[in-house]
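This report describes selected local features of one structural model. The sequence and the structure are shown first, and the account follows.

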Amino acid sequence: VADHDVTGVVLRFAPMPSLPVEMSVDSSATSDKSQPNLMQIGLMLQSRESVESGNSMVYLSPQRDRSFAFSAAPGTYRLQARGGGEWYVKSASFGDTGLLQQDLTVVPGTSGAPVLVVVSNQVGSLQGATRVNGAPAACWVYLIPTMPSAKAVYSARSNHEGAFTFRYLPPGSYQAVAFERHHSADYSNPAALATYSARVRTVSIQAGDQATLDLDAVPEEEIVP
């Protein structure tokens, strides 16, 4: 350390815990379609402690034996997935911990036991239209799963006629809201939409079906910074 006497300091190092990840396909999945690999699903761990530092994400890494693993420092993490097209994470577990409902805790010496991920392609879709002050308009549409999910929010941009479509949505219930301009928020926090509760709608998605939902968007002048 520059300009400091560090005589006598002892540095102790410990191996970075490695968490192998294994994937299986749900028995209800359609078998005539190509199965994804774990990298296509886009799995990652979001640190609960390091969000403010900017180093909050731990990404899945391929190993020499063609397996996959997370190398994560001790801490608490939330499992997330960017999504793999028509495939989604139906369940994930680490020992007795269900990772779509609970955080993953990594402690020194954690290794060996795998993170087990089950994927499915039994999905539905949603279409609809957005309006601003009663007139069709291009808006940002956000779907927030209210069931256990590896993805905190789905987003899409409607066209100038207000039409939007979400394909490959996992079955379950969602909150839906539209904004006239892009709106960033922590949608995993229920308080994020409290200000706009009058414009939030709920919708249920069934596997193999297409739901319809029209939204009155939050106008730009009502968007809270």
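## Basis of the description

A polar contact is a pair of N or O atoms within 3.5 Å; within protein, one must be able to donate a hydrogen and the other to accept it, and residues adjacent in sequence count only if both atoms are side-chain atoms. The model is predicted, so local features need pLDDT of at least 70 and side-chain atom pairs count only at pLDDT 80 or more, while totals for chains, interfaces and linings use all residues. Residues are numbered from 1 along each chain as its sequence is written, and side-chain values use heavy atoms, with hydrogens and water left out.

## Asp 26

The side chain of Asp 26 forms a polar contact with that of Ser 28, at 2.3 Å. Asp 26 belongs to the loop between β1 (18-25) and α1 (38-41); helices (H or I, at least four residues) and strands (E, at least two) are DSSP runs, numbered from the N terminus.

With a relative accessible area of 16%, Asp 26 is buried. Buried means under 20% relative accessible area, exposed over 50%, and partly exposed in between (1.4 Å probe, protein chains only). Neighbours within four places in sequence aside, Asp 26 is in contact (heavy atoms within 4.5 Å) with Lys 90, Val 118, Val 119 and Ser 120.

Strand β2 (residues 43-47) is joined to β3 by three bridges, and Gln 46 has Met 57 in β3 as its bridge partner.

Tyr 77 lies in strand β6 (residues 75-81) and is buried, at 4% relative accessible area. Beyond residues up to four places away in sequence, Tyr 77 touches Leu 45, Gln 46, Ser 47, Arg 48, Val 58, Ala 72, Asp 103, Leu 104 and Val 106. The Tyr 77 side chain also reaches the backbone oxygen of Ala 73 at 2.6 Å.

## Aromatic pairs

Rings of Phe, Tyr and Trp (its six-membered ring) pair if their centres lie within 6.5 Å; planes under 30 degrees apart count as stacked, over 60 as edge-to-face and the rest as tilted. By this rule there are five aromatic pairs. Tyr 142 and Phe 179 are edge-to-face, because their ring centres are 5.9 Å apart and their planes stand at 70 degrees. Since Tyr 142 is in strand β13 (residues 140-145) and Phe 179 in strand β16 (residues 172-179), the pair ties together parts 37 residues apart in sequence.

Phe 179 and Tyr 196 also pair edge-to-face, with centres 5.0 Å apart and planes at 90 degrees. Tyr 196 sits in the loop between β16 and β17 (201-205), 17 residues from Phe 179, and both residues are buried. Ring pairs link Tyr 142, Phe 179, Tyr 187 and Tyr 196 into a cluster.

## Positive phi values

Arg 66, in the loop between β4 (61-62) and β5 (68-71), has a positive phi near 75 degrees. Arg 66 counts as exposed, at 78% relative accessibility. Tyr 168, in strand β15 (residues 163-169), has a positive phi of about 60 degrees although it is not a glycine; at 32% relative accessibility, Tyr 168 counts as partly exposed.

Conventions. Two strands pair if DSSP finds at least two bridges between them.
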